[in-house]
Amino acid sequence: EFYGTGNVNPCQRVEDELERFFNITPSLLCVAGFDGYFKRLNPSFRQILGFTNEELQAEPFINFVHPEDRAATIAEVESVIQGKTTIAFENRYRTKDGSYRWFLWTASSYVEEQAIYAAARDINDRKQTEIQLQQERDFTAAILDTVGALVTVINRQGQIVSFNRTCEQISGYSWAELKNKQVWDLLIIPEEKLTVRAVFERLLAGQLSNNYENHWLAKDGSRHLISWSNTALFDAQGKVEFVIATGIDVTQQRKVRDKLEHQFRQTQLLAEVTRKIRMFIGLDEILQTTVTEVQHLLACDRVMIVELRANQTAVPISEAILRDYPPMLGYELADPLLVGKYLERYRQGKILSINDLQTAEIDLDIKHLLLQFAIQAKLVVPILSQDQLKGLLVAHQCSKPRQWQDSEIELLKQL
């Protein structure tokens, strides 16, 4: 309709302008009916999918959606029909050659028209990049989960951002339990927290130490000694952004090493005592060497050799003791555990082992007597010569109760 010569209806002009935008925009624009069919499509559909408009409008649009995405698409369409506006919904559409492309949709409905107006962007390249990155992450994670080493990644705040399966197995924690937790909050034993934080600060400063060790506290309360090596990822400014720590649980190896070292020191001690005997060195020096070396080897608080007297007393004649505890050397001890009914046990070669004085099944008077010398654990081994009881080799733990080990008892028996 014309309003005078050369004048175009303003409504027609607006419609023509919108039509031009509809046709030239690279986004996919469409109108779909509540019946599930496309009603109108812009040229981008044909350019990207390869189908003509007639082909796309000839069957329900859900037929072009990837089978794995159809249920979610149907649910989203129903939600739009009920009045919800769709923002950033993703699905895949089939192309003419049978491949699929990813679209990102925005849509809203108009009930009076029984129509859905929708716009989509082709995000296929982005999705392929995301899929490739995810595959690479999955591949890396699979490798990290199959290696026997612990591998964890920590950010500048000390938060755990990656935690492989070996870490889960050793710590007893799942990745979900530790994600974004600071490593020293749960995994580091209390007495090493300050040291670990100091090491971490040095790592952030770029001082990437090749090796260091600390204990991990597992969920069940057990402790694991971990030997670590570190590398780092740096940001654009050259600052450490992430620390990548690779560790090996050396708990068992260290126990074996310590045991071998302990056995070696025991052998040395026995050899030293034997050597001094063969050199006819005085008895006092031999005895003092024995208690000094045993006290050092067992890392206990007091070791002494006791001579038994006829008056039912025991007299320490050699003693090695830590400075913080009262000496017993030279005192006549009326310790019922060293004399009286226990003598027959010692003559038979039996030992006395008390791991915790408080829970030991002995008289309360004896406990009070031993506490005067700060004794909390006690080990007594008889000294026999040709089946004759010559004295007692006694070890005390004064700082705390102690579980005496079979290897320690065997050493004292050999001495």
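The legends below describe an overall view and several close-ups of one predicted protein model.

Residues are numbered from 1 along each chain as its sequence is written, and side-chain values use heavy atoms, with hydrogens and water left out. Because the model is predicted, local features need pLDDT of at least 70 and side-chain atom pairs count only at pLDDT 80 or more, while totals for chains, interfaces and linings use all residues.

View 1. Helices (H or I, at least four residues) and strands (E, at least two) are DSSP runs, numbered from the N terminus. Along the principal axes, the C-alpha atoms fill a box of roughly 140 × 45 × 40 Å.

View 2. Of the 415 residues, 38% count as buried. Buried means under 20% relative accessible area, exposed over 50%, and partly exposed in between (1.4 Å probe, protein chains only). The protein exposes about 24200 Å², and carbon and sulfur atoms supply 52% of that area. Accessible areas come from the Shrake-Rupley method with a 1.4 Å probe; for residues, only the protein chains shown count as cover. A contact means heavy atoms within 4.5 Å. Among contacts with a separation of 6 or more, 46% join residues 24 or more positions apart. There are 46 positive and 55 negative side chains, and the centres of the two sets lie 5 Å apart. Lys and Arg count as positive and Asp and Glu as negative; His and the chain ends are not counted. Each charge is placed at NZ of Lys, CZ of Arg, CG of Asp or CD of Glu.

**View 3. Gly-33 sits in strand β1 (residues 28–33).** Gly-33 counts as buried, at 5% relative accessibility. Gln-114 is 81 residues away along the chain, yet the two C-alpha atoms are separated by 5.9 Å. Leaving aside neighbours within four places in sequence, Gly-33 is in contact with Lys-39, Gln-114 and Ala-115.

**View 4. Strands β3 and β4 form a hairpin.** Strand β3 (residues 86–94) and strand β4 (residues 100–110) pair in the antiparallel sense over 8 bridges. Two strands pair if DSSP finds at least two bridges between them. Glu-90 has Leu-104 in β4 as its bridge partner. The hairpin has 5 residues between the strands, and Gly-98 takes a positive phi near 95 degrees. Ala-88 lies in strand β3. Ala-88 is not a glycine, but has a positive phi of about 60 degrees. With a relative accessible area of 48%, Ala-88 is partly exposed.

**View 5. A second hairpin is built from β6 and β7.** Strand β6 (residues 150–155) and strand β7 (residues 160–163) pair in the antiparallel sense over 3 bridges. Ile-154 has Ile-160 in β7 as its bridge partner. There are 4 residues between the two strands. In the turn, Gly-158 has a positive phi of about 80 degrees.

**View 6. Thr-313 and Ser-318 are both buried.** Thr-313 lies in the loop between β11 (302–308) and β12. Its relative accessible area is 10%. Beyond neighbours within four places in sequence, Thr-313 is in contact with Glu-307, Leu-308, Glu-332, Leu-333 and Val-339. Ser-318 is placed in strand β12 itself (residues 314–321). Ser-318 has 3% relative accessibility. With neighbours within four places again left aside, the contacts of Ser-318 include Asp-284, Leu-287, Gln-288 and Val-291. Val-303, Met-304, Ile-305 and Leu-329 are also in contact with Ser-318.

**View 7. Gly-340 lies in the loop between β12 and α12 (342–347).** Gly-340 counts as partly exposed, at 36% relative accessibility. Glu-361 is 21 residues from Gly-340 in sequence and 17 Å from it in space, C-alpha to C-alpha.

**View 8. Ala-374 occupies the loop between α13 (364–371) and β14 (377–385).** Ala-374 has a positive phi of about 60 degrees although it is not a glycine. Ala-374 is partly exposed, with a relative accessible area of 24%.
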